[in-house]
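Have a look at the model, then read on.

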Amino acid sequence: MAEHTVKAFDEDITRLRGLIAEMGGLAEVALQEAMDALVKGDDDLADKVIRGDKKIDALESEVDKLSVRIIALRAPMADDLREVIAALKIAGVVERIGDYSKNIAKASRVIGERKKFEPLTLLPAMADVAGEMVHDVLTAYAARDAALAREVIATDEKVDAFYNSIFRNVVTHMVENPATISAGAQLLFVAGNIERIGDHATNVAEMVHFAATGNYPADEDT
């Protein structure tokens with residue numbers, strides 16, 4: 001491969017990594033702000049999260065176009081091809097994380113009687129764990145750290161445990177206080193979206209592990 005071609009390929013890969021990092025950073029902020037809007041009842045902040053999702057969508061489109069361009073013009077092989085394919089898939093997953101944060105922001109606008117729900121103290125803690133998973137998996141992607149990717153996968157159990165606890169808590173509260181059923185249903189919707197963010201961070205971790213090692217974690221565990 002000619003020197004100028006190698007340089008152009010390296011520049012494309014650097015750009016690709018930068019786009020993924022930017023998407024991930026925006027997704028992290030979106031989740032945090034969506035939860036702040038939920039807890040505080042801040043409709044303006046919720047609107048900001050909803051509007052900001054368009055930027056994440058636009059970045060995903062850039063990743064798609066750049067990935068196709070790299071494959072078509074650079075014909076990457078082996079490790080390089082693996083990285084491009086992983087980036088393409090990761091961008092789609094991060095975009096979905098942004099969508100879940102947008103869903104939480106939308107739900108925050110219709111939840112009333114906030115102080116009557118104990119889950120409002122549990123949901124931020126659950127979101128913190130999911131947010132840490134997103135942050136750590138993006139760090140793992142940037143560093144090609146397969147070990148950290150595995151840690152992210154293991155952490156998903158904590159998010160699932162939070163979800164189960166919140167589900168039981170909310171359902172019990174709704175049974176005992178029928179007037180809160182509507183708000184309770186929205187809280188369960190929020191918890192479900194946070195749980196899906198954890199699942200998607202796990203999916204990214206599996207792709208990072210693949211990009212770094214050539215194997216998925218499940219393949220190495222068998």
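A salt bridge here is a side-chain nitrogen of Lys or Arg within 4 Å of a carboxyl oxygen of Asp or Glu. By that rule, R17 and E83 make one through their side chains, at 2.6 Å from N to O. Keep in mind that this is a predicted model.

**Salt bridges**

- Searching the whole structure turns up nine salt bridges.
- R17 sits in helix α1 and E83 in helix α3, so their pairing ties together parts that are 66 residues apart in sequence.
- D47 pairs up with R109, and the closest N and O atoms are 2.9 Å apart.
- With D47 in helix α2 and R109 in the loop between α3 and α4, that pair ties together parts 62 residues apart in sequence.
- D47 is partly exposed, with 25% relative accessible area, and R109 is partly exposed too, at 39%.
- D199 and R196 also form a salt bridge, with the closest N and O atoms 2.9 Å apart.
- This one stays within helix α6: D199 and R196 are three residues apart, about one turn of the helix.
- D199 counts as buried at 17% relative accessibility, because the cut-off for buried is under 20%, while R196 is partly exposed at 34%.
- R17 and E83 turn up again in a network with R144, joined by salt bridges that share partners.

**The nonpolar core**

- The largest nonpolar core holds 67 residues, and I20, M35, I90, L123, V190, I194 and V208 have the most contacts inside it.
- Helices that give two or more residues to this core are α1 (3-40), α2 (43-74), α3 (78-108), α4 (119-143), α5 (146-176) and α6 (181-213).
- As background, nonpolar side chains in soluble globular proteins tend to be buried together.
- What does I194 touch, leaving aside residues up to four places away in sequence? Its contacts are M35, I104, L123, M126, A127, A130 and V159.

**How α5 and α6 pack**

- The α5 and α6 axes are 9 Å apart, and the two helices pack at an angle of about 170°.
- Angles over 145 degrees count as roughly antiparallel, so that is the label for α5 and α6.
- The residues of the α5 contact with α6 split into 21 nonpolar, six polar and six charged.

Conventions: Residues are numbered from 1 along each chain as its sequence is written. This is a predicted model: local features need pLDDT of at least 70, side-chain atom pairs count only at pLDDT 80 or more; totals for chains, interfaces and linings use all residues. Side-chain values use heavy atoms; hydrogens and water are left out. A nonpolar core is a set of buried Ala, Val, Leu, Ile, Met, Phe, Trp, Tyr and Cys residues joined through side-chain atoms within 4.5 Å. Buried means under 20% relative accessible area, exposed over 50%, partly exposed in between (1.4 Å probe, protein chains only). Helices (H or I, at least four residues) and strands (E, at least two) are DSSP runs, numbered from the N terminus. Contact means heavy atoms within 4.5 Å. Axes are lines fitted to C-alpha atoms, for helices over the stretch in contact, and angles run from 0 to 180 degrees between N-to-C directions. Angles under 35 degrees count as roughly parallel, over 145 as roughly antiparallel, 65 to 115 as roughly perpendicular and the rest as oblique. Ala, Val, Leu, Ile, Met, Phe, Trp, Tyr, Cys and Pro count as nonpolar, Asp, Glu, Lys and Arg as charged, and the others, Gly among them, as polar.
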